[in-house]
Structures are given as C-alpha cells and as structure tokens.
Amino acid sequence: MLVEMEEFRRSFVRLCKEGSIEPQETVLKQLNELREDSRGRCCLDLTAQNLSVDSCDVLGKLLSNDVHFTEILLSDCMLSEEGVKLLVRGLCSNSVVKRLDLKGNNLRAVGAEALGKLLRQNKSIQSLTLEWNNLGMWEDGFSLFCEGLGSNHFLQQLDLRNNQINHQGAGELAVALNRNSSLQELDLRWNNIGILGGRSLLNCLHNNKTLGKLDLSGNNIPSDILKAIEQAITHNHERQSTLKENRSRSLILSKEVCSLKEEKKKQFLDLMETIDRQREDLHRSSRTSAVRVGQLQEVLDERKSAVNSLRAKLQLTEASLALSEQKVQDLGELLSQAKLENVNVKERHAKELRQEKEGTANIEAKLLRELSNANEKNLTLQSKVEELERKCKSQHDRLFELKQELTNTNAELKLRAVQAEERLETEKKRFKQTLEDTVIMRQKEMDHMTRHMEESERTMQERIQRLEATRIALEEDLSRVKAACVAERSRADEELMKAKSMAQLEEKQKVSHLEEKLRQTIQSRDEAQNYGLIQKQELGDAQAKNHQLSLEIEGLKHRLQDLEKDLAGKERQTVAQVNKVRVELEEQIGHLQAERTAQEGLKEMIAALQRQLKAQSSNNREQLLDKESEIASLLEKLRLKDADMQRMREEEAQRAGFLQNAILSYVQSSPLGASSPRK
C-alpha cells in the first residue's frame, strides 16, 4: 500500500509538471504522510489545505481512475466553484470511494450542480458530508442537486447541516426523497426549513420507506410536525428492521432450500449411481449366468456326443455279434467255444454298457440339478431386477413431484414479479403526474418572481432617483446652512442650551425609535431572508447595482464624516466665541422669533433626510448581513449578529447624536436660528 501511495504522489507531481503547474507544498506534504488505517482502509485526507484550482484539476484527473482511496476528506479547503467542479468531475467515474467530506467549503450554485451530476453518475459513494455550505441559497443549483439525489440508488448517509435551505429547498428534497430508495440517514439541522418545508418532508415520508434517521433541529418547525415526522421515521425504522429480518430469513430459507436441493440432487445422483451399479451387477450376473449356461450346454453336448459314440460302439458290437452268430451258425461246433466266449464278452460288454449308462444318467441328473439351480438364481435375479425397477419408478415419481413443485414455485414467483411490475408502473405514472404538476407550479412561481423582480427593480430605480434628488437638495441646504452659520455663529448661546435640551429629548426619542426599529428589523430579518432567498435569481443583477449604491453611500458617509469634522471644529469655535456674543444675542432675540418658523421647517427636512439615509443604510446593512450569513455558521452568525447589532446600535446612537448636535449647532448659529425667539 505504501508503494501505491508513493505512486499516487509521483503521478500528482508528474501531472503538475505536464500542465506547467507548481505543486502545492502543503498538498505534497500531506500526500507524503498518507498511511493505511488500522482497519485496512486508505484515506486521502486534505483537510484545511486551501486547494487551488490547478491542484483540484490534477486531483480530479488522478481520482477518476484511482482504485486505492475509499475515503476522501476535503473539509475547510476553501474550494472555489471551478475547483469543486473539476474535483467532482473526476469523482464521477470513480468506483472505489465510499465516503466524501466537503464540509465548510462555501459551495454555492455551481457546486450544487456538480454534486447533482456526481450523485447521478457515481455508484460507489455511500456517505456524503456537506455541512457548513450554502447549497440552499440558489434554487436552480439546489434543484439540480435534488434531481441527482432522486436518481441515486447507492447513497446511504447525507449531511446538509447549515446550508441555508428554505421551505422551497425542503420541497425539492421531498420530491427527491419520493424517488430515492437507498438513503437511510439525512441531517438537516440548523437550516431555514420552517413549517412549509416540514410539511413537505412529512408528506414525502408517506412514500419513502427507507429513510431511518432524519434530524431537523433548529429549523423553526412546529412540535406537532416534528412529532409526526419522528413517528414516520420510527415506522420506517421498524419497517427496515422487519425488512432486514425478512431478508435474513429469506436468505436462510433460500440457503436451506439450496441445501435441500443439493441434498436431493445428491440423493438422486446417489440413487442413480446405485441403480446404475445394480444394473451393471445385473448385466454382469446375467453375462456370467449366460456364460455358465453356455459352459453347461457345452458339457451337455460333450456328454451327448459321448453317449452317441457309445451307441455307435454298441451298434458296432451288435453288428460284430451278428457276424459272429452267422459264423457260429456257419461253423457249428468250431464256434461253440467262441460262442461261449462271445457270451462272456457280451455279458462283459453289457456290464460295461450298464455302468456307462448309469454314469451318463448320474451326469445328466447332476447337469439337470445345476440347470435348475441356475434357473432359480435367474428367477431371484429377475425378482431383484423387478424390485429395483419399482424403486427406480418410485424415485422417478418423486422427481416428477419435485419438478412439479419447482414449476409451481416458478409460476408463483413470475406472478409476483408481474404484480410488482404493475405496481411499479402505477407508481411511475403517479410520480410523473406529480412531477408535471410541480413543473407547472414552479413555472407559475418563476413568472410571479420575474414580475415581482421587475416591480422591485422599478421601485429601486425610482428610490435611487428620489435619493439622488434628496442628496442634491441636502447638499444645497447644507451649503446654505454653512453660509448662514458663518454669518450668524455669534448669536447662539441660549439657543444652544435650549437646542441641547431639545436634542437630548429628541435623542431619547430617536434611541427609543431606533430600538423599536431594531426590533422590527430583527423581525423583518427572517422575512427578508425568505424574501432574499426568493429573490436570489435577481441577486446577480442587483449585486452590481447594490455595489454602486454602496459606493455612493460610502461616498456620502465620507462626506458626512467630513461635514461632522467641520461641524465639530465649528462647534469648538462657537463655544469659544459664545462668551463674546452674549450681549449681541440679547439684541437679536426678536429676529430669532421671526426666523423660528423657517428653522422648524429646516429641522423637519433634515429629520426626513436623516430618516431616509438611515433607512437606506439599514437596507444596505441587512443585505450585507445576508451576504455575510452565507459564510459563517448559523450559531456563530447569530452570536456575531447579536454583537454586531449591539455595536451598531451604539455607533448609530453616537453617530445620530453627533449628526443631530452638528446640524442643530449649524441651525442655531445660522441667521434663521439667530432670529428665532427664545422659548
């Protein structure tokens, strides 16, 4: 295994050289430290390595044909969209990797689309970790990811924590889970699913029977929906356990059936072998009996030939006796002695003949007994053959019954398969209908979103024009106020005290108003998040405009800061000259009463401009906070947002106080303010 890892490192260096790329030292160091774990698994761990696009391209090419790494850990690698696309493209053809970790890489639309393609093409990944990303912020990319998840049949564990998934993304996930039949664990903690998304997930669990674990903490889902989802998950878990038990039992039964079939096959083969052996023994015994009968027949033929020879001898002796009798008759007395001798010879021959006849009779009786014994043996062998044939016939009948049972089971299995196919066809038709309905609904939502986007764009343009006009008017008013302040700065002592008291009261009111507005902003933040998720398609166009607006607002802020600095300097000069102008202030109180009405109108205009600027800054701040929320985690984001909101509240209070004091000081030092009467 060390040789294979070294070969992987050399291949990485070689591909970098071929592409004229400088290999990352951190990646090479990590590749040198790769080892096989205690369980024999090989893991490619590049956690927190900050991979570049070129390194991702080279790693994707290597992993497309790799057969050694079963786990790939790429968490917190600061992967770009292009880098993720190149890595995932290589993993699409990999058939060995079982676990993939892409935690904390800020994956967005392109990453979601690439992951959807990976889930459609890869057939080996069983565990996928996508925690701390932003897959749910873009609906199109997340819908492609969900389509890939729906067509995947190998993934078992999926982690989607902290991915900004809203109720629409949860609906896409529900549609994917209706099609998916392999996913067993799904983690959706700390997203923005809400009540609508919870209902979508609950509805999908009526069709999905394989999901055994679903975690939905931190998603603002009501407790009754969570309890219903938990009950459905427990039902799925129980169903999976029963399915596993049934599968194990079916496997055991199939093994037992196979073993029984093998035993029956062995018994049948043994029976056939015994029948063949008995047939061979019967043939051998029949052949030996036939040979024995042939030998006995030959012996009997030999005995018959011997008897025939004896009969021929007897005939010859009778002929010789006839000749001798004739000779006796012819010769007379000369042959009397010969006659006696012939009688003696005849008697002797008769005795021999009787002895030979007795011997032949004994031999024939013996042969007959042997023939009867052979016939009895043949009969016993024939009975054995008939008994073996009966046994063979019974075995054939049993084999026929087993074949009949086998055909019945095959027919039943085929019937069940046909029923399952019919159910599958109905499910496919129903899913197709639901998919068409969802497509129609999505098209309607897209039309509504486009209309809403156009309306919001028109309102934003009108708002920008109004802000530009108010900005120009504000600059003109400020220039007039500044000119008036230069001429009338010696008349503001008592009015300054009154203005300070009024400013304090107004500051308290503004602080309370800002706190109320902050609460409303916190409430509208959640609504704006959903609204921002709906408007993410128009975010591309709005980002450029927002950037321009932010630049303009920054310019206005810089100008306001400059004005505040000038106002602070003028205030210090005013405070220094207050002692000099007290006498002149008493003479000009009458003029102040006449100009007080103009001052109140100017105050209202300044307050309106200030509210508009605050509203615009709060809107931009909310958009910036929404952008920042894409990067940080939800828990850290909440904590940081609380701290930022507290800090901004204090800064806004200070800034509002400074701006109000400066404007009031300008107004009080202006001729209009000097001519206003004392309260």
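Is Cys42 buried or exposed? Cys42 counts as buried, at 2% relative accessibility; the terms denote under 20% relative accessible area for buried, over 50% for exposed and in between for partly exposed (1.4 Å probe, protein chains only).

The notes below concern a predicted model, in which local features need pLDDT of at least 70, side-chain atom pairs count only at pLDDT 80 or more, and totals for chains, interfaces and linings use all residues. Residues are numbered from 1 along each chain as its sequence is written, and side-chain values use heavy atoms, with hydrogens and water left out.

1. Cysteines. The structure holds zero disulfides, a disulfide being a pair of cysteine sulfur atoms within 2.5 Å. The closest cysteine sulfur to that of Cys42 belongs to Cys43 and lies 7.7 Å away, too far for a bond. Cys43 is likewise in no disulfide, and Cys43 is buried, with a relative accessible area of 17%.

2. With contact taken as heavy atoms within 4.5 Å, and residues up to four places away in sequence not counted, the partners of Leu188 include Leu160, Ile165, Leu173 and Asp215.

3. Gln24. This residue is placed in the loop between α1 and α2 (25-32). Gln24 counts as buried, at 16% relative accessibility. Its side chain makes a polar contact with the side chain of Ser55 (2.5 Å). A polar contact is a pair of N or O atoms within 3.5 Å; within protein, one must be able to donate a hydrogen and the other to accept it, and residues adjacent in sequence count only if both atoms are side-chain atoms.

4. Gln240. Helix α9 (residues 223-331) contains Gln240, which is buried, with a relative accessible area of 12%. Neighbours within four places in sequence aside, Gln240 is in contact with Lys209 and Thr210.

5. Helix α7. The 13 residues of α7 (residues 167-179) reach 19 Å from first C-alpha to last, close to the 18 Å expected at 1.5 Å a residue; the expected span is 1.5 Å times one less than the number of residues. Among the buried residues of α7 are Gln168, Leu173 and Leu177. At the start of α7, a side-chain oxygen of Asn166 comes to within 3.3 Å of the backbone nitrogen of Gln168.

Methods
Helix = DSSP H or I, 4+ residues; strand = E, 2+ residues; numbered from the N terminus.
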